[in-house]
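Colleague: I would like to learn how to read a structure of this kind. Could we go through it together, one feature at a time?

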Amino acid sequence: MILGIVAGALLAGMGMALIRALRGPGAFERVLAASSFNIKTLLFITVIGFVAGSPVDYVDISIMYAVISFISMVAVLRCIEHGGFTGDRDKEP
Amino acid sequence: MSILEVVSGVLMLAGALFVLTGSVGLLRLPDALTQVHAVGITDTLGVGLIILGLAIRAGPTLLALKLLLILAILVLTTPTTSHAIARAVSRYRSRPWKDGQGRAP
């Protein structure tokens, strides 16, 4: 019951973050929405593991997801800050 | 229903409320800096509460230890990401959003 409520709230949050990532006017809004979406997806995987009755299998996936999402967000921000891999350094993306 | 289940349920419901609040802020606020203000705080707090509730529900097992490992990783990395985004915004946008400039689409 409580797990279902939490999973529903996480799904709603994922939907709102996805809407912001699709509609966001600038690159930074999209990056922020993608980061928030990553965190909520990670939590959703963990909660779904508890709902499915075998949380040990899902928690390992969540640990991997946490590390990978942080590294990918830092990589995307680095790419934006340095103006992409090639190109203009001082223009807003 | 034992006391631990009640504590776990209250923690998880509070975490879900925080996550919903942060998501509404992400959707409604007009600018990247204001959205960082909404999301960076409530995501860290809500994630911590939900994972603490799950760890209490799991009991003293290896599963709880792994959940606390996830919590440690997220508490370290979520504010770092928010800070990196805010620093990039402050570097590339000279003026932040002011009242009366209209909303984000």
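Modeller: Start with the naming: a helix is a DSSP run of H or I at least four residues long, numbered from the N terminus. With that in hand, look just after α2(A), where A:G53 has a positive phi of about 95 degrees. Keep in mind that this is a predicted model.

Colleague: How many helices and strands does chain A have?

Modeller: Chain A has 3 helices and 0 strands. Along the sequence the pattern is α-α-α.

Colleague: What span should helix α2 of chain A have, and how far apart are its end C-alpha atoms?

Modeller: The expected span is 1.5 Å times one less than the number of residues. Helix α2 of chain A covers residues 27-52, which is 26 residues, so it should span 38 Å; the end C-alpha atoms are 37 Å apart, in agreement. The 22 residues of α1(A) can be treated likewise: the helix reaches 32 Å from first C-alpha to last, close to the 32 Å expected.

Colleague: Which residues of α1(A) are buried?

Modeller: The cut-off is 20 or more other C-beta atoms within 10 Å for buried, and 12 or fewer for exposed. In α1(A), the buried residues are A:V6, A:A9, A:L10, A:G13, A:M14, A:M16, A:A17 and A:R20. Viewed down the axis of α1(A), they fall within an arc of 165 degrees, so they line one face of the helix. A:G4 and A:L22, on the other side of α1(A), are exposed.

Colleague: What covers the buried residues of α1(A)?

Modeller: The cover includes α2 of chain A, along with α1 and α2 of chain B. For chain A as a whole, 34% of its 93 residues count as buried.

Colleague: Which residues have the most contacts inside the largest nonpolar core?

Modeller: That core has 44 residues, and those with the most contacts inside it are A:L32, B:I50 and B:I51. Two or more residues come from each of α1 (2-23), α2 and α3 (55-81) of chain A and α1, α2 and α3 of chain B. The element that gives the most is α2(B), with 12 residues.

Colleague: Which residues is B:I50 in contact with?

Modeller: Neighbours within four places in sequence are left aside. On that basis B:I50 is in contact with A:V6, A:L43, B:M12, B:G15 and B:A16. Now follow B:A16, which lies in helix α1 of chain B. B:A16 is buried because 25 other C-beta atoms lie within 10 Å. Leaving its own neighbours aside in the same way, its contacts are A:I5, A:V6, A:A9 and B:I50.

Colleague: Why does the confidence of a prediction matter to a reader?

Modeller: Where pLDDT is low, the predicted coordinates should not be read in detail. In chain B the mean pLDDT is 87, and 93% of the residues reach 70 or more. For the complex, the predictor gives an ipTM of 0.87 and a pTM of 0.87.

Key:
Residues are numbered from 1 along each chain as its sequence is written. Chains are lettered from A and ligands numbered from 1 in the order in which they are written. This is a predicted model: local features need pLDDT of at least 70, side-chain atom pairs count only at pLDDT 80 or more; totals for chains, interfaces and linings use all residues. A nonpolar core is a set of buried Ala, Val, Leu, Ile, Met, Phe, Trp, Tyr and Cys residues joined through C-beta atoms within 7 Å. Two residues are in contact if their C-beta atoms, placed from the backbone, lie within 7 Å. pLDDT is the predictor's confidence in each residue, from 0 to 100. The arc is that of the directions from the helix axis to the C-beta atoms.
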